[in-house]
Amino acid sequence: MTLMPNLQPTEVLQQRDAAHHLHPFTDTQELNAKGSRIIVRADGCYLWDSDGNKFLDGMAGLWCVNVGYGRKEIAEAAYKQMQQLPYYNTFFQTSHPPAIDLAERLAELAPDGMNHVFYAGSGSDANDTVVRMVRHYWAAMGKPDKKVIISRKNAYHGSTMAGASLGGMQAMHEQGGLPIPDITHIDQPYWYGEGGDMGPAEFGLQRARALEAEIERLGADRVAAFIGEPVQGAGGVVIPPETYWPEIQRICRKHDILIVADEVICGFGRTGKWFGSETFGIEPDLMPIAKGLSSGYLPIGGVIVSDRVAEGFIASGGEFNHGYTYSGHPAACAAALANLSILQEEGIVDQVANETAPYLAEAWKQLGDHPLVGEARISGLFGALELTPDKANRAAFDAPVGTVGLIGRENAFGNGLVMRHVRDSMIISPPLVITKAEIDELIDKAALTLDQTYKAAQEKGLA
Ligand SMILES: *Cc1c(COP(=O)(O)O)cnc(C)c1O
């Protein structure tokens with residue numbers, strides 16, 4: 001297939017990229033020395049680079065292209081909306097049909113009792129809104145001191161100052177003097193890495209009870225909310241033991257602490273239900289959303305808010321002094337609506353739950369038998385393979401963290417499969433429209449990647 005007419009040679013694009021484009025989460029010196037990979041086209045679950053190489057996208061872009069690439073309905077919805085009304089704000093007592101339609105649709109799809117939506121431009125913005133909104137709520141309830149938000153180490157909630165503060169990534173906190181005040185972090189429910197000799201169920205309870213200890217340390221009258229991703233994504237697809245979320249739920253209700261389920265990745269079908277909260281039995285008060293909301297076709301995020309919280313601060317009167325120029329952007333709302341219609345009309349979430357997720361899970365568990373794999377875990381179409389030199393003991397490699405994971409990622413690319421590595425684990429989050437035949441291809445390429453990576457690790461004396 002011819003790629004694109006007038007496409008400049010890869011080296012030229014790489015040079016121009018290096019000269020002017022600063023990439024996110026990138027060592028620019030290292031990248032510029034080797035040149036970026038230039039992606040020029042995509043269709044369904046596949047990507048093509050500027051040299052004509054084809055890749056199966058095992059990451060759905062960055063956990064977001066859930067309906068796959070090339071859906072003309074979404075492009076057309078945005079195009080039509082841009083011709084009708086490309087932009088108008090929702091600040092000054094105005095609204096527009098796409099913002100109204102999408103808010104109503106989200107209220108229908110969300111768990112019972114969550115009927116209100118505040119729009120943002122991304123997941124990070126959505127989490128900034130969370131910080132402002134929970135503090136505003138408690139102030140409106142006459143409890144202005146109830147403002148601490150408890151999060152978790154190794155959580156990811158975005159890259160703005162508030163998002164990165166809620167997140168528990170040490171390297172992010174170090175750049176920028178974070179976290180901002182009144183955000184604290186407890187240990188994560190990462191059994192493979194931190195469970196030691198404990199069984200998963202007992203470990204899940206222990207890590208949930210760390211929340212109660214933190215609430216007691218701070219005083220419940222100072223704690224506004226607990227925030228967590230149902231499954232930690234960027235932290236390495238950390239699927240908590242089944243005991244974890246019910247205990248978190250119990251503790252939050254007992255102490256009257258709001259629950260924020262960050263659904264930016266888990267939302268819209270990733271775990272086999274519309275929201276990760278449903279998969280894990282969480283009854284949240286707020287759900288930040290983004291990524292799968294528009295399948296990444298246009299940037300949009302938001303916070304779905306419970307009746308209790310929304311009606312609470314509405315009834316108290318006064319302005320919520322917060323909002324974004326692009327809150328409820330008409331074209332982004334139109335794209336999101338078209339995306340949700342595809343998910344609904346094609347029954348994609350049910351297809352994940354009943355067909356593709358069980359099919360993938362069986363093959364994924366078999367990869368767990370590979371000598372390099374210490375654990376193969378999966379929830380819906382969201383999985384990780386922990387690499388280890390010693391399966392029995394879940395041991396780490398005798399090398400800087402991420403050394404073997406990076407080898408794995410490079411091998412996967414070489415095999416025409418996009419997988420990401422987090423530390424020394426390999427993770428996948430493919431489009432929700434992936435077929436069984438494409439899953440077979442993904443598994444074959446992942447197995448080959450493991451063989452190559454095992455061999456490379458042995459040659460370096462690491463396995
Ligand atoms: C990606 C992500 C965010 C941040 O979303 P952006 O759109 O990148 O700002 C927040 N929370 C979670 C769980 C995410 O995975």
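Helices (H or I, at least four residues) and strands (E, at least two) are DSSP runs, numbered from the N terminus. The model is predicted: local features need pLDDT of at least 70, side-chain atom pairs count only at pLDDT 80 or more, and totals for chains, interfaces and linings use all residues. Residues are numbered from 1 along each chain as its sequence is written, and side-chain values use heavy atoms, with hydrogens and water left out.

**Exercise 1. Backbone geometry**

Locate the cis peptide bond, and describe the residues Ala 60 and Asp 256, whose phi values are positive.

Solution. 
1. The cis bond joins Leu 178 and Pro 179, with omega about 0 degrees. Pro 179 belongs to the loop between helix 8 (170–174) and strand 6 (183–186).
2. Ala 60 has phi near 45 degrees, a positive value in a residue other than glycine. Ala 60 is placed in helix 3 (residues 60–63). With a relative accessible area of 0%, Ala 60 is buried; the classes are buried under 20% relative accessible area, exposed over 50%, and partly exposed in between (1.4 Å probe, protein chains only).
3. For Asp 256, phi is near 55 degrees. This residue is found in the loop between helix 11 (244–255) and strand 8 (258–261), and at 30% relative accessibility Asp 256 counts as partly exposed.

**Exercise 2. Domains**

State the domain bounds and describe how the two domains are placed relative to each other.

Solution. 
1. The assignment gives domain 1 (37–70 + 347–459) and domain 2 (72–345); such bounds come from an automatic or database domain assignment.
2. The C-alpha centres of domain 1 and domain 2 are 26 Å apart.
3. Contact (heavy atoms within 4.5 Å) links 36 residues of domain 1 with 38 residues of domain 2.

**Exercise 3. Nonpolar cores**

Identify the residues that touch the most other members of the largest nonpolar core.

Solution. 
1. A nonpolar core is a set of buried Ala, Val, Leu, Ile, Met, Phe, Trp, Tyr and Cys residues joined through side-chain atoms within 4.5 Å.
2. The largest such core has 62 residues, of which Leu 102 and Trp 364 touch the most other members. Helix 14 (residues 330–345) gives the most to this core, namely nine residues. Domain 1 and domain 2 each supply at least three residues to this core.
3. Not counting residues up to four places away in sequence, Leu 102 touches Tyr 119, Leu 293, Ile 300, Cys 333, Ala 336, Leu 337 and Leu 340.
4. Another core, of 36 residues, lies apart from this one; its members include Leu 47, Val 148, Phe 413 and Ile 427.

**Exercise 4. Ligand contacts**

Solution. 
1. The residues surrounding the ligand (a heavy atom within 4 Å) include Ser 122, Asn 127, Tyr 156, Glu 229, Asp 262 and Lys 291.
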